[in-house]
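Me: I would like a close look at a single part of this structure, followed by its setting in the rest of the chain. Please keep it plain.

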Amino acid sequence: MDQTDNDVHRAVLVAAQSLRRMGFAVDVVAMDWSTLLQRRASKALPAQGGWNVFLTNATGTGIANPLIHNFVKNCEQAWYGWACDQRVVELSRQWALETDPASGHS
């Protein structure tokens, strides 16, 4: 999905070309950001309105803390793409609840 009205547009074109060079079949679908926001919620196959890849960006403050970093959340809290690795969920929970600064889990 290519959000043509967003700064990420140029990066999408570069990523698409890189994926093609790696042998992937790439169909870049141009749309505005609002349409992408709606479509990214679909878990359907691309032919039925879903998607496989889209690029986005984040601020440093939005990804600095793993407890609020949307891109690394998993399972029920996962961001679009719906990654689910229960081990990541459990490790994140343990890290958040750690009270001993000498534990080495920082």
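Which residues form a disulfide, and how far apart are their sulfur atoms?

Reply: The model is a predicted one. In it, Cys75 and Cys84 form a disulfide, with their sulfur atoms 2.0 Å apart. A search of the whole structure finds 1 disulfide. The torsion about the S-S bond of Cys75 and Cys84 is about 95°, so the disulfide is right-handed.

In soluble globular proteins, nonpolar side chains tend to be buried together.

As for the setting, the protein chain has 4 helices and 2 strands, in the order β-α-β-α-α-α along the sequence. Its radius of gyration is 17 Å, well over the 13 Å given by the globule rule for 106 residues, so the chain is more spread out than a compact globule. The C-alpha trace spans about 50 × 30 × 25 Å along its principal axes. Buried residues account for 15% of the 106 residues. Of the contacts between residues at least 6 apart in sequence, 44% join residues at least 24 apart. The accessible surface of the chain is about 7700 Å², with 54% belonging to carbon and sulfur atoms.

Definitions and conventions. Residues are numbered from 1 along each chain as its sequence is written. This is a predicted model: local features need pLDDT of at least 70, side-chain atom pairs count only at pLDDT 80 or more; totals for chains, interfaces and linings use all residues. Side-chain values use heavy atoms; hydrogens and water are left out. A disulfide is a pair of cysteine sulfur atoms within 2.5 Å. The radius of gyration is taken over C-alpha atoms; the globule rule is 2.2 Å times the number of residues to the power 0.38. Buried means under 20% relative accessible area, exposed over 50%, partly exposed in between (1.4 Å probe, protein chains only). Contact means heavy atoms within 4.5 Å. Accessible areas come from the Shrake-Rupley method with a 1.4 Å probe; for residues, only the protein chains shown count as cover.
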